[in-house]
Structures are given as C-alpha cells and as structure tokens.
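Subject: Handover of a structure

Dear colleague,

I am handing over the structure below for your attention. Please look through it before you read the notes that come after.

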Amino acid sequence: MSADALALSTTGLTKRFGRQLVVDDVALAVPTGAVYGFIGPNGSGKTTTIRMLLGLVRPEAGSCRVLGGAIPSESADVLPRVGALVEGPAFHPYLSGRANLHRLDAADARSDPATSERRIGAALDRVGLTAAAGKKYRAYSLGMRQRLGIAAALLQPRDLLVLDEPTNGLDPQGTREVRHLVADLAADGATVFVSSHLLSEVEQICSHLGVMRTGRLVAQGPIGELSSLTATRFRVRTADVDQALAVLGGLGVTDAVRTAEGVTGSLGDLAPERIVRDLVEADVSVAEFVQVAPALEDLFVQLTGEGFDVSG
Amino acid sequence: MSAARGWLRLLGSELRLIIGRRRNQVGLGVLFGLVVMVGIVLKVSAMRHPRSPSGDLIAAVAGNGIFLGFAALSIEIALFLPLAISVLAGDAIAGEANQGTLRYLLVAPVGRARLVLVKATSLAIGALIGAVVVATAGVLTGAVLFGIGPPTSLSGSQLGVADGLWRLLLAALYLAAGLAALAMIGLFISTLTEQPIAATVATAMVGTLFWILDSVPQLDWLHPWLLVDRWLAFVDLLRDPPFTDRIVAGLWVDLAYAAVFLTLAWLRLRTKDVTS
C-alpha cells in the first residue's frame, strides 16, 4: 500500500513512562477513508498512542505519519486538518461553550476569523448544543461536555478525526447520535480513528479494527478479515447427545461439547451439510442445526483477555 | 500579515481570559483597595500630627496627593504586585495543563513557540495593568484625601502637575518591566508542573528571596545582579532633572532575566510531553 493510501501510519512506535513500557513497537496502518476502531482494555496504551499521533507526547522510538506529514516535526501543517478529542473534553469552566470554541479557534493560527462565528455555530449545531451554547462550561453535564469536545473537533473541515472514547458519558440516545455523526463524517470523506475500550461501541460503525493489549497492537485489519480469524461455530439441538458427540469425534471436531440443548463445536473446514448427513445417518435426531456467525467479541476477548483487570 | 493578525487574535483571547476571570478582578480590586487603605491611614495620622518631622515620600503625601501614587507603588512593589503577577504567571502553562486545555490548544494547533510568546506577552500586559492600577489608585485616592497640586521634586524644585503625573506613569512603566521579568521566571516555573498553585508559590518565593538577599549586606557583591535590587530606583524619577543611571541599569537587568527565563520556558515547553 502506498504512503498516500494511508491517512495515518506508525512504525515501531514506542513510549516508556519511567520504567514502564506503555506503548511497545506499534505499527498502525489506517487507510484513507477508513473508520478505524482502536480498541483495547483500559490502560492498554491507546491514549498514549493517540497523544503521540497528535504530537502531544514524543515517541521514544519509531515514527508517526499523519495525512502525509511527519509528527511531530510537521505538526503545524498537519494538525489544522485533524480534529481531535483526546481523553475526554477539557475546557475553561468559567467560559461559555461558545466562548471556549472561540478560544480554540483563535488558537489555530490558520483559522479565518471572518468565518469563525459561522463555523462555531455550525459545529455547535452539529452536536445539538446550540441551545446551551451560552451556558458556562462548568454548568454542563458530562454528556454536554462530551458534545462540546466533539464540536471543537469539527471547527474546521477535517480530513482526519481522532476521537478518543467519543461516547464516554453519553446516554444511549447520545451514543447513537455520535455513531450517526461518525458515519456522516466518514461519508463526507473524512478518515475516522475512533478508540474505545468497548468493542460493541465501535463494531457497528468501523471498517477496520486495531486491537491493543498491554501496549502492543495484537491485531489489525479490515473488520471482515478479523472476523475470519475466529472459528465459525455450529450448534446442534438434539436429545441424542452422546451419539452426536461420537459422530462429531469421528468427523474430527475436537472441541465438541455438551450444552443444555445438545452439542456445539467449531466448524473448521467441514461443510455443514456433511455434519448433518453423518448425524442423521447415525440415527441422531437433529431438531435444529445452526451455524453461528463468528462474533468479533470473541476475538476481542481472545486477544485481550477476559475480566475486569486493567492492563498493568 | 495574516500570521500577525492571528497572533493578535490569540493575544486578545488570552487577555480576555485573564481579565474576565473573577479571581483576577478581585485581585486587582485588592491592589486598589490597599492603596485606599494606606491613604486613609495617612490622612488620619496627618490629622493627628499635622507637622510630621520626616521628609520622606510617605510624609510628602500629606502635602500633595500625587505623591500617594509613588508611595502606593513603593508599598505594593515589595509584596503585593509580585504576588499578583506570580498568580498570573503560575497559571499560564500549569493552569492550562491542570485543566487539560493545554492539550487542546496544542492540537488546535497553537504552535508551542506561539503559545509561549502569547503567554509571555499577556503576562507583560498583566504586569503593566497591575502597576498602572496601583499608581492610578494612588493618584485618585490622593486627590480625594489630600488634593493635588504642583509637586516639589526631591531636588527641591517645583514641577508642574502634568509633569508629576507623567513621571508617575514612567515609574509605573519601569516597575511593570521588573514585574514582567519576574513573570518570565514564573512562566518558566509554570512549564515545569501541572499544579498552578505550586508554580505561583514558587514564583512568589523567588521574588521574596530576591528581596531577602538584597537586604543582606554581606552579599553586596551579588546585589547588582538581583532582579529587585533597583526596583525602588523609580524614585529617581522625582529628582529634577530625573536621575536615570540606576533606572537604565535596572531595565537591563530586567531584560536579561526576561530573556533568559523566556528562553528556558520555550526550551522546556518545546519538548515537554503533555500527558495531562
């Protein structure tokens, strides 16, 4: 893939805080136009990676290229085309939402003051915050703050949006709105890089996924390719469980197990028809045969481990 | 051209942020109120002892309100003005880092050099506002309590009222330069921490340390190099003609401190990992 086909790429990206290796040899490849879901448990190095992509933190080793420019050396040329939400919103509490956006717009050396009022109005409108624009930020709810953060990322037409946990603190309605927003932005041609610790948050909107675990990128690719990494499973509803297990064993299904209603196992290279035929020929009463589509969730859990433990 | 306009726009945003903040408005009110208080105290004591024997600045206030402007500067420059500028300077980078707004400024992108320069400029303007407010408070309070007339210079000659006010403005500008230099020390300290209070306290302590060192006779070899050593030289402006040697030397020292610490602040912020 040529360099221009990638909106964002890193090679050997590494960062240590003190003695702890936070990001370890990460090689991201985000194609232009993709909606890239960057997932991993809390503390897996996602935010530090994002900070390096935006030039906030200097990599210890490795390099970042964003929209064709090197970060951090060419940040000034690249970042005006990048909208970002990093580790939650942060604004001046005693300024209104609108005044906060004015300040950020003034901070951008290349923004045109003549159009700032209009652009700020449009950004507020896009996140549904127009009515609350005059309220002080300190009076905002968590969801409103999150929306203002997203509005700040939309002050300019952007080629790339880096959204770190954009649905944090939003109610289900707000979460849906953010999904729609991301889809709209992608439809307008922007590349979207969206991180989450919940696969379910991003699974529906992403074309690509990257999975982080303890500082390492453990899987990356188009969502279809990743799905195929997990074994497709099948489920048989039957009363003749022992017989069924014997037949499956004969077919070479090694992980067939008993369930409440019958048996289940991974399909492997077997054709479903073959399994059903053999079962029936062995006089197993097959009440139902279901091929279970591979769940990304399984892959995610497989890659990142299960449970509530935070990556150390 | 458009870069200059963008720069001014950010400076305007920065100044609105400083001036619009309630805490800073209260602080400015306190600086003003202190002068009013000193004026009232002097008025009361002048009524009790109509013929004060001492011939210093404070005593001169009773005869002419303009001198309260100079007296106000000499009183507040010892602690209150440096404290006020320490609050602003401590907040400059550490305050943004503490709130998390620093990362959004940098992603905007503000440009790290541009941010340091705008913060430094706004602090210098803050120093100017502080000094001018104190001098103004002095003249206004003095006018109300003692009346204003042509002041007598320290050399004994008579000056015009306009000339006296002009010299007071110069004195305020001179002290603003010194405060701005202290602000650059504070700006540098502010890049070292994410705690604005810590940066403020450290800056105020540096200012106080200068005064302490300056008052130790055994360290007289060091005195010319201390930032605050020539701050009180602004009274030389009350001589006729004004005596400028110490003031010019003081401005050079201010400039040297400002240049060194502004550079340090820039070097620090340039490579700083922003993790807040």
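Predicted model: local features only at pLDDT ≥ 70, side-chain atom pairs only at ≥ 80, totals over all residues.

Chain B

Chain B contains 11 helices and zero strands. The C-alpha trace of chain B spans about 65 × 40 × 35 Å along its principal axes. A compact globule of 276 residues would have a radius of gyration near 19 Å, and the 20 Å found for chain B agrees with that. Of the 276 residues in chain B, 45% are buried. Among the contacts in chain B with a separation of 6 or more, 79% are between residues 24 or more positions apart.

The contact between chain A and chain B

Chain A contributes 24 residues to the contact, and chain B contributes 24 residues. On the side of chain A that touches chain B, the elements giving two or more residues are helix 2 (75-78) and helix 3 (97-107) of chain A. Helix 3 of chain A gives the most to this side, with five residues.

A sheet in chain A

Chain A holds an open sheet of four strands in the order 13-14-12-15, with antiparallel pairing. Strand 13 (257-258) and strand 15 (286-292) of chain A stand at the edges; each has a single partner strand, so one side of each is left without a neighbour in the sheet. Strand 15 of chain A pairs with strand 12 (residues 233-238) of chain A in the antiparallel sense, over six bridges. Within strand 15 of chain A, A:Val290 is the bridge partner of A:Arg235.

Two helices that pack on this sheet deserve a note. Helix 9 (residues 241-251) of chain A touches strand 12, strand 13 and strand 14 (262-266) of chain A, and its direction makes about 20 degrees with that of strand 14 of chain A. Helix 10 (residues 272-281) of chain A also packs on the sheet, where it touches strand 12 and strand 15 of chain A. The direction of helix 10 of chain A makes about 160 degrees with that of strand 15 of chain A.

With kind regards

Note on methods: Residues numbered from 1 in each chain as written. Chains lettered and ligands numbered in written order. Contact = placed C-beta atoms within 7 Å. Rg over C-alpha atoms; globule rule 2.2 N^0.38 Å. Buried ≥ 20, exposed ≤ 12 C-beta atoms within 10 Å, placed from the backbone. Pairing = 2+ DSSP bridges. Axes fitted to C-alpha atoms, helices over the stretch in contact; angles between N-to-C directions.
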